[in-house]
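Have the structure open while you read.

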Amino acid sequence: MATTTVGQGDERLKQASMLRRLMGRPELGAVGGAILVLIFFAIVARGTGLFSAMGILNFLEVSAQLGIIAVAAAMLMIGGEFDLSVGSMIGFAGIVIAIPAVEWGWPLWLTILLAFAVALAVGWINGTIVVRTGLPSFIVTLGGLFILRGLTIGLTRLITGRTQIPGLRPLVENDWLAGLFAGKVGYGFMQWLGDLGIIATRPDGVPLASGISMSIIWWLVITVVATWVLLRTRLGNWIFACGGDPNAARNVGVPVARVKIGLFMFTAVAATIFALVQTLSVGSADVLRGQLKEFEAIIAAVIGGCLLTGGYGSAVGATFGALIFGTVQMGIFYTGVNTDWFKVFLGVMMLIAVLFNNYVRRKATEGR
Amino acid sequence: MAEVPLIEVRDVSKHFGTVIALSGVSMTVWPGEVHCLLGDNGAGKSTLIKTLSGVHKPTEGEIRLEGQPIVFESPRDALDRGIATVYQDLAMIPLMSITRNFFMGREKAVTRGSGLFERLDMKRANAIAREEMAKIGIDVRDPTQAVGTLSGGERQCVAIARAVYFGAKVLILDEPTSALGVKQASVVLRYVAQARARNLGVIFITHNVHHAWAVGDAFTVLNRGKTLGTFRKDEITREQLLNMMAGGKELEELSAELAEFARSDGRRQPAAAAVEKEVAEELEEEAQSDERLAEQERRLRREES
């Protein structure tokens, strides 16, 4: 409520509004959760190597891969839609890159561009069906989930007779575009840290963790760009408006259909980046890649403060959601707990996040 | 008053298939005037304003904007020509901040830079939103707070302030007070009067005669798709207006019936007595709120002059 007469009550209420503002941030839960998880494992996983340079880069890489699609999923959720076909898109993009490159000898850069073109088309189709028919995106993209996975398995078997396509690694070496996704950067920086004795080195002086994986760079770049778009651009305002109330948005001239279709295209592109990072660094494509990733991305976005009903959330939140994910997954691995328990943790974590978000949203939107 | 009316509706009819929603409706809105559009449910109020705001195109007749005949292609087209419609429920997005709602669809007004680096100047946007709200007497301490934290009346005011800020010449308010309590409604009514003072034309749709009477200069009554005429405030009394809206007569009959019922029933049944008491209380309450509104109106007139 803010009905006092003009000029009164300002100074007295500043403090309360600071606290409110903090409470009103969607990413609060995820940032808090990430700190808790890091502290927890700092105590429990002491001396296991989780927090060595190698360990940190490991869990960051796991977080990064998920983070790339989680940020895109978060933006789409803010825009009021879901994409359940993300996981299948990862598998599909993998074979779109691998089959022409390995089987038909296409240059890798061309197949990478092809994969992005295919992703844009898939995203456009998903978005157009949802916008045109008004059907829930949940159902439309559930169809996409099965169609893309089926195509991935079917086409791969038809063309290669197998379900795995190895042999990408030698192709990556000499490709100008592949290096953007597969390589590592920061060798000098890691070497410098090693020389200073801050991080562990091999007997020959080369640090164990020799470089920072490109996936981490992509993760950071996408998070920063998405945050900028959401909070500081016209498009960002439109995305919030589309998810908040598409009718009200349309009434003031927001191109709701275009915004939503664009967001679907962005999630498909993010899935392709995920696929590139994974396929090119492992060196092979597999038809089962990316399974269940759509749900992990949504969980990370929800932990990050996105509402399932749209119109609320943040890219930073999704990034921290992914960080919680990666930390716990690797933390469980390093501490030697049976990894079966990871899924239990995931479910519980998501439930807590949803309850917390629900509470925060009520606080944020109801009067005091 | 200016020479040319802001909006002139001439013999407008609108048919939906075989349903005649409007037939031969005419009305004229002048700048600096609050023109109330009254009528019961199904009288055609919504169809008329949707025609004015570019949602529907008239089947027959014409609309003139500042003397020029015009056909609106879309709501956006009407908006760009200075006709802003504030809908009762579709005005605001509760989860978004006041500032973001204020500039929704008009973000260009506060962007800096160009191309890829075009960005919203949130500081300036917040300042403008805060200032515009202050102008109408609502102190928004924090324009980044969600609109959902505002009361219903304040939300309507944000929507109206937004329309005024972006250069609306004609404000169409669709039942802005019908979901509000007396106090909240008076907040909105006060702002309606302020918009008039800025020489805007206001079309105020309502089925609450008391609210209409408090701010209206002219009244057009619709019934079953036809106008029962337009009246200046000095040509008609509130009671006549109420009766004209069809509801008035029925209300009178109802209260007479109830009174009759109470008299004829010698040993008044408790239920009947309760109903009668309730009706009496309601009438008294209404009379009180009328007085309050009338008082406010007098004050507004004084402020204006």
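Chain B has 10 helices and 12 strands, where helices (H or I, at least four residues) and strands (E, at least two) are DSSP runs, numbered from the N terminus. A word on the source: this is a predicted model, in which local features need pLDDT of at least 70 and side-chain atom pairs count only at pLDDT 80 or more, while totals for chains, interfaces and linings use all residues. Residues are numbered from 1 along each chain as its sequence is written, and chains are lettered from A and ligands numbered from 1 in the order in which they are written.

**Two domains**

Chain B splits into two domains, with bounds that come from an automatic or database domain assignment. The table lists them.

| Domain of chain B | Residues |
|---|---|
| Domain 1 | 7–95 + 146–237 |
| Domain 2 | 107–144 |

Taken over C-alpha atoms, the centres of domain 1 and domain 2 of chain B are 27 Å apart. Where they meet, 7 residues of domain 1 contact 4 residues of domain 2; contact here means that C-beta atoms, placed from the backbone, lie within 7 Å. On the domain 1 side, helix 5 (152–165) and helix 6 (182–197) of chain B each supply at least two residues. Helix 5 of chain B gives the most, with 5 residues. By class, that side has 5 nonpolar, 1 polar and 1 charged residues (Ala, Val, Leu, Ile, Met, Phe, Trp, Tyr, Cys and Pro count as nonpolar, Asp, Glu, Lys and Arg as charged, and the others, Gly among them, as polar).

**An open sheet**

In chain B, 4 strands make an open antiparallel sheet in the order 2-1-4-5; strands pair if DSSP finds at least two bridges between them. Strand 2 (19–29) and strand 5 (68–70) of chain B are at the edges with a single partner strand each, so one side of each has no neighbour in the sheet. Strand 1 (residues 7–16) and strand 4 (residues 60–65) of chain B pair antiparallel over 5 bridges. Across from B:Glu62 in strand 4 of chain B you'll find B:Arg10.

**The core**

Of chain B's 305 residues, 42% count as buried, meaning that 20 or more other C-beta atoms lie within 10 Å of a residue's own, with C-beta atoms placed from the backbone. The largest nonpolar core has 194 residues; such a core is a set of buried Ala, Val, Leu, Ile, Met, Phe, Trp, Tyr and Cys residues joined through C-beta atoms within 7 Å. A:Ala73, A:Met75 and B:Leu171 have the most contacts inside this core. Domain 1 and domain 2 of chain B each give it at least three residues.

How values were computed: Contact = placed C-beta atoms within 7 Å. Buried ≥ 20, exposed ≤ 12 C-beta atoms within 10 Å, placed from the backbone.
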